[in-house]
Amino acid sequence: MTGIICLDKDSDISSFRAIKKLRAILGIEKAGHTGTLDPMATGLLVVMLGNCTRFIDFLPESDKSYTARVKLGISTNTLDITGEVLSRSSVNLSEEDIQKVAKGFIGKISQTPPMFSAIQKDGKRLYELARQGIEIERESREIEISKLEIYDFDNDEFSVDVSCSAGTYIRSLADDMGKALGCGACLKSLRRTAANGFNIEKALTLDEISKMTKEGKINDFIMPIEKALSAYPAIKVTEPQAKRFHNGGALDMDRIKTAEISKSDIYCVYSHSGQFQGLAEISDNELKPRRVFVFE
């Protein structure tokens, strides 16, 4: 079983555990997600199946979208509602106050990753250090928020729809907004609705995947790997060239009959019959394999 499937992850399960269950349901050995979700979070996990896992590191970076619920007046060590409460404050804000502060977070901003994150420092995940009560200095990074819509304000909570660049932490965004509002805040719930060019409408829960698998319908929901690589320009080669490429051989660009080739660091290579062969780069006037697709 090779391809891509969109999983709608339940809450209170880690991304690792969700993938383990998915492998058991599908009866396969290899599967990997393209971006983790916190255990409390729900929503879209784009999962590569079988030999498609070889291409995870080559997926183009893309914006992600989330729907979140933010709790005002509380700050925690994890920046979400599951953590240890560090402070409590009274909340005396209007929706207009929140909307005004939210505008300051739209665009390119600096964000410091939370300690409870999977980022590695000297070979250790930050969350491993955080669980030991160790906090270290983290470098801030530039992120971009293209959409930040506040709605459903009720006393000390509000909902927010966010579209942002890869690497953005919504927990940190909630915490930073709470600081800007002067009362503190933490994330109460989080749902990812889009990532890697896919959206939640295409996703199935583990229970739905189990049902579709038993009914023999699961292949209708598995997409080809090139669906996630469509941002890369395509180069078509002849069948003999495709065979050479598939065996790891470089191709002379002068012998590739393509009218025009867009400039890119990575290219998708297809045979003239339309079969995906893998990813390549152009160097020294040769089309050189970067990652070859292994047919099953």
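Contact here means heavy atoms within 4.5 Å. Keep that cut-off in mind for the whole tour.

This is a predicted model, where local features need pLDDT of at least 70, side-chain atom pairs count only at pLDDT 80 or more, and totals for chains, interfaces and linings use all residues. Residues are numbered from 1 along each chain as its sequence is written, and side-chain values use heavy atoms, with hydrogens and water left out.

**Stop 1: the whole chain**

Show everything as a cartoon. Along the principal axes, the C-alpha atoms fill a box of roughly 70 × 45 × 40 Å. Of the 296 residues, 48% count as buried, where buried means under 20% relative accessible area, exposed over 50% and partly exposed in between (1.4 Å probe, protein chains only). Take the contacts between residues at least 6 apart in sequence: 68% of them join residues at least 24 apart.

Now colour by charge. There are 40 positive and 43 negative side chains, and the centres of the two sets lie 5 Å apart. Lys and Arg count as positive and Asp and Glu as negative, while His and the chain ends are not counted; each charge is placed at NZ of Lys, CZ of Arg, CG of Asp or CD of Glu.

**Stop 2: Tyr232**

Select tyrosine 232, in the loop between helix H5 (206-214) and strand E14 (234-237). Its relative accessibility is 17%, so tyrosine 232 counts as buried. Which residues does tyrosine 232 touch, not counting those up to four places away in sequence? Phe58, Leu59, Pro60, Ser264, Ile266, Tyr267, Cys268 and Leu279. For a sense of scale, draw a distance from the C-alpha of tyrosine 232 to that of glutamate 137: 37 Å, for residues 95 apart along the chain.

**Stop 3: the aromatic cluster**

Next, select Phe55, Tyr270, Phe276 and Phe293, which form one aromatic cluster. A search of the whole structure turns up four aromatic pairs. Rings of Phe, Tyr and Trp (its six-membered ring) pair if their centres lie within 6.5 Å; planes under 30 degrees apart count as stacked, over 60 as edge-to-face and the rest as tilted.

Zoom in on phenylalanine 55 with phenylalanine 276: this pair is tilted, at 5.8 Å centre to centre and 55° between the planes. Phenylalanine 55 sits in the loop between strand E3 (42-49) and strand E4 (64-72) and phenylalanine 276 in strand E17 (276-283), so the pair ties together parts 221 residues apart in sequence. Both phenylalanine 55 and phenylalanine 276 are buried.

Since phenylalanine 293 lies in the segment after strand E18 (286-292), the pair ties the E3–E4 loop to a part 238 residues away in sequence. Relative accessible area is 0% for phenylalanine 55 and 11% for phenylalanine 293.

**Stop 4: helix H6**

Finish with helix H6 (239-246), whose buried residues are Gln241, Ala242 and Phe245. Look down the axis: these residues fall within an arc of 100°, so they line one face of the helix. (The arc is that of the directions from the helix axis to the C-beta atoms.) They pack against E14, strand E15 (251-252), strand E16 (267-271), E17 and E18. On the face turned away, find the exposed Pro240 and Lys243. After H6 comes glycine 248, with a positive phi near 95°.

Notes:
Helices (H or I, at least four residues) and strands (E, at least two) are DSSP runs, numbered from the N terminus.
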